[in-house]
Structure formats: structure tokens, C-alpha cells
Amino acid sequence: MLGHGSRDAEGVGEYWELARMVRAAAPELAVGCGFVELATPSADEAIDTLVADGADDIVIVPLVLLAAGHLKNDGPGTVARARIRHPGVRFRLARDLGITPETLAVAQDRIQRAEGAAVALIGRGSSDPDACADLFKVARLLADRRGFDLVEAGFVSIARPGVPQVLDRCRALGASRIVVSPFFLFTGELVRRIHTQALDWAAEHPEVEVIIGDHLGADEHLVRLIIQRFREAVHGDVRMNCDLCTYRVQLPGYEDKVGLPISLETHEAPRRFRWPRKAKPPLTRQVQRGRFVSTGDISAPAVEVRGLSFSYPDGTEALSTVDLKIRPGERVALLGPNGAGKTSLVLQLNGVLTPSAGEVIIGGTPVRRDTLAEIRRKVGVVFQDPDDQLFMPTIGRDVAFGPANLGLRDAELADRVAEALSYVDMEEFADRAPNRLSLGQRRRAAVATVLAMRPEVLVLDEPSANLDPSARREFAELVKRLGMTTLLVTHDLPYALELCPRTVVIDHGQIVGDGPTRELLSDTGFMSAHRLELPVGFHALGVRS
């Protein structure tokens, strides 16, 4: 039974109660219990214990209501690691609990307990479009002939609408009595946040009666569903909710996720590295007039790639004998069509992927297993979707997460957080929740989480995606102001021209162009040959960088 895990003792206790009920209902099964993160034992430890006890055929059942990126990465990753550790054991991954008569029955029961007419169904929130869409499907199915006048869906984190917006909509549609129903399996910080936001809204709208419903919790319906998922994996066809999976379908705004490899790292892996509590991490950067300035040997390339080749486990060749040098302080755009190898190259820079041949050197340090801790401090990657990078209750805690794992504490940690937020003009947002910020602000906050580690190289993945013109301009000004070594991975060619004097074009895993951005973008024949297109009416030679 693969749980997500929580720092909340009550939520973890509900997981163990559900596990007890499953064991009682299926005494013939050996049931192991483990978590993806935040609680013990880990999923890997649970699997190892089952194998040690003689299991040779294991089904991993995720205790997840709606499959989002977490399950789509962590589930297969758990299976892949287990197969490497135990090659003689058969492993299968069941699907999420999902939208079933059982989950709907439990949700209906929790709502009916509160005897409300209108329902605000509140889910976790995700950057995964499948999971967000599925919550609205749950709301629609609950509204179908179940005695509820109105069911509106919303989210407590990351996605919109938020709790106050859902309550506003219910009131606007005439509701005078609203049940706020958390669509959560177990309790925790987010469930309490739903309660707080709902009660705050109720205090401002005394004309509406707001009733706090229960989350799902341990229930006999769910016990039957978990056993059903196990038997389905053994005897039937197992599917995730992946009709529109961002890892295999090019959805607008998610194009960069197509074909991404599954990480075999556990959530606990980054935490294994700790700086000594009283020691300071080596500082290779200092701030000078708002810019990052190297204090080391600037004669060495900031990034050097030599004869780099890489193939995925299925034999797909992603990179072939790539050579690249980036000087300290240089801003370089990395362009190429989808599937060209951009992501595969970027993931080599911080050691997420390991070369099949060749080597990568960052600031004079080769990327090897024994240097990964140093490399991942040197290379800061800002994801296209800032919601993939912001996961703490407040921006300040997000920014503090990395330095805290380097051993910084108390005043030193507070100074590092304030410093990073000052670079991106976000000091006043330190106590703000990420879901209360605009996309442009969240993107700047994501940059701050990276700058807090004082990296030497900044990698920006599609930084202009979905930004309005004002936020787009502000972010460009930020990148220029930082003045640090920057690799800009983008399909936004005008943005590349504005920010990067130099451009590298990759196609079919090889560097096919490297030169001044303006010259490359103005070569229409070259651009067309590599499926790169400028916006209609845009002329590279007629725009100043």
C-alpha cells in the first residue's frame, strides 16, 4: 500500500487504520506499507521487507484518489527501483483509487452527514490537468441524482478556483447553506487550510450558513476498492487516468513534459546530503549591485560538454557526440523542435541523467556520482511550471528549503532567504502562499528558490510560457539584472533574441547551429530545416536585443 506520506501524525494514523482494515478484510494477503515521502517506512523499505519475507510477486497499490504527476512519476519510479534491487521478483503497479462508485459513495456519505443543499467540493490542486479535470468530474457525478442542489469544485492549492472563489460562486447561484467537503483521503495541513479559509469566508458572509464536512478517511468502501485494485492488477487490465497524460500528449502549455523519463530518485534522496550544522557551504558567488559575480576562476568554462552521448533504456538515442562550452556570465539560448534533445541535455548538467559516453564539466568540476551534491548546488534549474517547484505553505519556506538542507539555520538561513527574495523583488511576499500569487510572481519566486542555493549556472525552462506581456517584460529584466551564466531553453524565439546574444540549436540529438542569435534567427532556410518558426511579421534583423 503506497501512501503519499505526511508530517501530520493524525493523517499518518488514518493511513495505518486503513491498512489495519485491509489486513483484516484480506488475511490471506501479505500487506506491506510504505510512503513516498515525509513518513516512514519508505515504499522501498516496505518492498524490501516483503521480499525478505519471501514474496516473489508484489502489486503496488497507490493510495491516491486522483492520479496526478506524483503518482505518474513516483509509482513507476518505485516499481523501477524495486526491479533493479530484486530482479527475481515480479512487480506490478495498480492504478489510483480514482472515480468509482466506492469513492463517490464515501464522498456522498460525508456530505450527507452535514445535511447541506449546496456543496463546495475542494481538492488538493495540481499542475497536472488530468487530476484537476477529474475533480470536476467527481463534482458532476455527485450532482447527478444524489439530492444535492448544487456541487461546485475547487482547490486549496496550486490550481483555481480557490476555496473563497467556489463559495462566492455558490452564493451567487443562490445557495444560503453550503457544505464545504474536502475531497481528501487523509487529513493534514491542507484539510485544515480548507477549514480555515471556509470559516474566514463565512465570517465575512453571515447571511450564508457554512458547514464543514469531513474528508473521506478510513472506510469499508475504500477497503473493498483497495482489494479490488489489487485483484485487477493480478487478473485484469490496469490503466491510469492518462487519456490526456502530459507525458505522452502535447497539451498546450505542457509540451516540454512529453517523453520525459521517469526519475528513479526517491523523495528522500535529496535530503540525504547534509552540510555539518556549524559549517557554512562554500560560497562561490557574491552579490555586487544586484548581480551575481564569480569569485572563482573565471578562466574555466561555466559549462563544458565533451563528446556527450546518451540513450534511454529502450534504446532511443537522445544525444549524439555533443560538444558545448559556455563562458562564465554568458547568456545562451538553447533552441530546437520538440524531441530534439533539449531536455535530455539539460538533465545532464545537474546529473539527473548519466551520459552513455562523454562527460560534462561545471565550473571545472566533472559531473560524477561523487560530485552530485556540489553539482546540484552549482546548477540551478527553474522549471517551466513554477507550481512544480513551489510546494511549501509559504514562499519564504519554499526559498528556505534548499539552504536549510545545506545546514543553514536561524539568522543565517533568514538572511539567505531575504537575500534571494530581494534579487527578484519579492521580499514582501515571504509569508504569502504560492496559490495567492500570479503566475509571473510564482515564476520569480521559483527563481528565488534556486538563487538561495547561490548557483553558478541558471537554467530556465520556457520562462515566458503563459506570461502576460507585462510579466514577460519584468522577467526578462530580472534575468538581465542577475547577470549570471544562464541557459535559456525556449520555443519563444523573440524572447531568445531579447535575452541571449548567443544561440545553440539542437536537433536529432546533435548541435546543428551555434552562433549570434540574430544571425541564426534571420537565416530562414536554416530555421525551416529545423522546424523553428518566428511569429508572423517578426524579423530578427529588425529588432534590437
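This is a predicted model: local features need pLDDT of at least 70, side-chain atom pairs count only at pLDDT 80 or more; totals for chains, interfaces and linings use all residues.

1. Helix α1 covers residues 9–25.

2. The buried residues of α1 are Gly11, Val12, Glu14, Tyr15, Leu18, Ala19, Met21 and Val22. An α-helix has 3.6 residues a turn, so residues three or four places apart point the same way. Among the elements that cover the buried residues of α1 are β1 (2–3), β2 (34–35) and α8 (220–235).

3. The structure contains 30 salt bridges. Asp44, Asp48, Arg81 and Arg85 belong to a network of such bridges. Within it, the side chains of Asp44 and Arg85 meet at 3.7 Å, N to O. This pair links distant parts of the chain, since Asp44 is in helix α2 (residues 43–52) and Arg85 in helix α3 (residues 69–85), 41 residues apart.

4. A second bridge to Arg85 comes from Asp48, at 3.0 Å, N to O. Asp48 lies in α2 and Arg85 in α3, so this pair ties together parts that are 37 residues apart in sequence. As for accessibility, Asp44 is buried at 13% relative accessible area, Asp48 is partly exposed at 28%, and Arg85 is partly exposed at 31%.

5. Asp109 and Arg110 also form a salt bridge, their closest N and O atoms being 2.6 Å apart. Asp109 counts as partly exposed because its relative accessibility is 32%. Arg110, with a relative accessible area of 5%, is buried.

6. How many disulfides does a search of the whole structure find? The search returns zero.

7. Ser126 occupies the loop between β5 (118–123) and α5 (129–143). Is this residue, Ser126, buried or exposed? Its relative accessible area is 15%, under the 20% limit, so Ser126 counts as buried. A polar atom of the Ser126 side chain lies 2.8 Å from the backbone nitrogen of Asp128. Leaving aside residues up to four places away in sequence, Ser126 touches Ala68, Ala131, Cys132, Ser157, Ile158 and Ala159.

Notes: Residues are numbered from 1 along each chain as its sequence is written. Side-chain values use heavy atoms; hydrogens and water are left out. Helices (H or I, at least four residues) and strands (E, at least two) are DSSP runs, numbered from the N terminus. Buried means under 20% relative accessible area, exposed over 50%, partly exposed in between (1.4 Å probe, protein chains only). A polar contact is a pair of N or O atoms within 3.5 Å; within protein, one must be able to donate a hydrogen and the other to accept it, and residues adjacent in sequence count only if both atoms are side-chain atoms. Contact means heavy atoms within 4.5 Å. The expected span of a helix is 1.5 Å times one less than its number of residues. A disulfide is a pair of cysteine sulfur atoms within 2.5 Å. A salt bridge is a side-chain nitrogen of Lys or Arg within 4 Å of a carboxyl oxygen of Asp or Glu.
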